[in-house]
Amino acid sequence: QRSSGSPAPPPGCCAAHWWRQPGVAHARAGGPPRALRPEMQCDRPRGVPPAVRASALGPARFLASGCASIDKALGGGLRAGWLTEIAGEAGAGKTQLVMQFAIRCAMPVSLGGMGAPAAIICTEGSFPVRRMRTMAFAVWAALSAAQRSECEACGVGRDTLWDCHLVRNADSPESLVAAVAAAAACARAGRCAALLLDSIAGPFRVPDPDEGSGGAASKAAPGSAGGGGGGRRWFAGRAKALLGVSSVLRCVALERRLPVLVANQATAVLRPDDSTAAPDDVAPALGMAWAHAAHVRAMLLRRRGSANPQARAVRVVFHPAAASSACVCVLGEAGLGEAVLGEAP
């Protein structure tokens with residue numbers, strides 16, 4: 001409730017947004033009004049409704065992948081200010097697509113890039129730098145002479161096309177939170193034009209490293225059965241870390257107007273009749289705790305039964321500004337490219 005001495009919200013501004021303005025006090029549980037903590041203060045201009053500010057962001061900008069079919073399915077590519085999720089099973093090509101967007105990010109805006117390097121957070125072992133360099137050389141070889149001249153005019157060449165900011169290798173929820181914070185600081189400082197995370201599920205799908213060795217499971221309260229208290233605290237900490245990561249990514253995407261791509265693993269979907277899963281019955285990992293975070297969700301699947309073992313299918317599950325669509329692409333030396341005519345999604 002608002003204290004008697006606090007000002008009323010201005011016209012057109014909701015009360016929930018107004019009480020998050022810096023310097024505005026609020027009362028809780030009948031106590032005296034107090035100021036919000038700095039990390040809870042909103043950076044929006046005071047008294048400006050979110051809808052008004054969103055309409056003043058200008059035209060939409062997109063980061064292209066270099067594959068026209070994928071860009072068309074995504075509504076133009078990775079949209080700046082949005083968080084796009086690409087989920088798929090192991091070996092589908094998620095990391096290849098992340099590196100593909102990172103290479104294109106350094107290109108000029110006229111060629112579908114952002115004109116600045118991207119920041120990549122890797123959570124699944126060492127980052128494949130050699131593969132990214134090979135992809136960059138292949139992308140550069142496919143450019144025309146005019147496109148190469150345009151890149152060189154912006155300071156991008158064959159040996160610098162694959163340059164990016166590799167933040168750190170995050171292998172736990174705590175290290176991922178720190179890595180995302182470092183990437184957000186890099187973006188706010190203007191040193192990168194896109195945030196790419198590969199992948200979000202890696203740090204959260206590993207078992208408790210201290211389980212069975214005096215760790216969280218053994219630190220349960222006295223009298224609890226099976227150490228359930230420690231396990232619940234551990235899972236609660238993971239959920240809090242996941243919420244923090246998603247919040248930071250979405251806020252940075254909106255504040256800095258840059259595209260954010262998050263790769264996600266996939267989990268099998270069991271059938272209720274026989275409790276088995278078909279090869280293509282997969283869904284993005286992390287369940288509903290993560291499902292709300294992405295603005296755009298797409299699946300990258302291997303095309304089983306295709307004559308080409310490198311054929312992949314991209315299916316857009318949800319897009320707020322376009323209908324669900326699908327396309328077929330082929331994994332090659334330069335990443336995911338156009339498929340042969342006649343292939344069906």
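**Salt bridges, strands and a helix**

Student: Glu-89 counts as buried at 12% relative accessibility (under 20% is buried, over 50% exposed, in between partly exposed; 1.4 Å probe, protein chains only). Which residue meets the side chain of Glu-89 in a salt bridge?

Tutor: Good place to start! This is a predicted model, in which local features need pLDDT of at least 70 and side-chain atom pairs pLDDT 80 or more, while totals for chains, interfaces and linings use all residues. Residues are numbered from 1 along each chain as its sequence is written, and side-chain values use heavy atoms, without hydrogens and water. A salt bridge here puts a side-chain nitrogen of Lys or Arg within 4 Å of a carboxyl oxygen of Asp or Glu, and at 3.6 Å, N to O, the partner of Glu-89 is Arg-302.

Student: How many residues apart are Glu-89 and Arg-302?

Tutor: Glu-89 is in the loop between S5 and H4, whereas Arg-302 belongs to strand S12 (residues 296–302). Helices (H or I, at least four residues) and strands (E, at least two) are DSSP runs numbered from the N terminus. Arg-302 is partly exposed, with 32% relative accessible area. The pair links distant parts of the chain, and the separation in residues is 213.

Student: Which residue pairs with Glu-255 in a salt bridge, and which helix holds that partner?

Tutor: Glu-255 is partly exposed at 36% and lies in helix H8 (residues 228–256). Its partner is Arg-188, with closest N and O atoms 3.1 Å apart.

Student: Arg-158 forms a salt bridge with Asp-159. Which ring does Arg-158 also lie over?

Tutor: The salt bridge to Asp-159 has its closest N and O atoms 3.4 Å apart. Arg-158 is partly exposed, with a relative accessible area of 40%. A charge sits over a ring if NZ of Lys or CZ of Arg is within 6 Å of the ring centre and within 35 degrees of the ring normal. At 3.8 Å from the ring centre, Arg-158 lies over the face of Phe-137.

Student: Which strands pair with S9?

Tutor: Strand S9 (residues 260–264) has five of its five residues buried, with Val-260, Val-262 and Asn-264 on one side and Leu-261 and Ala-263 on the other. Two strands pair if DSSP finds at least two bridges between them. Val-260 is the bridge partner of Leu-83 and also stands opposite Leu-195. Both pairings are parallel: five bridges join S9 to S5 (residues 83–88), and four join it to S8.

Student: Which strand does S6 meet through three bridges?

Tutor: S6 is covered on both faces, with Ala-119 and Ile-121 buried on one side and Ile-120 and Cys-122 on the other. Four parallel bridges join S6 to S8 (residues 195–198), where Ala-119 stands opposite Leu-195. Ile-120 has Leu-166 as its bridge partner, and the strand joined by three bridges, also parallel, is S7 (residues 165–169).

Student: Which elements do the buried residues of helix H5 pack against?

Tutor: H5 (residues 129–142) has 14 residues and reaches 20 Å from its first C-alpha to its last. Its buried residues are Met-132, Met-135, Ala-136, Ala-138, Val-139 and Trp-140. Through contacts (heavy atoms within 4.5 Å), they pack against helix H4, strand S6, helix H6 and strand S15.

Key
The expected span of a helix is 1.5 Å times one less than its number of residues.
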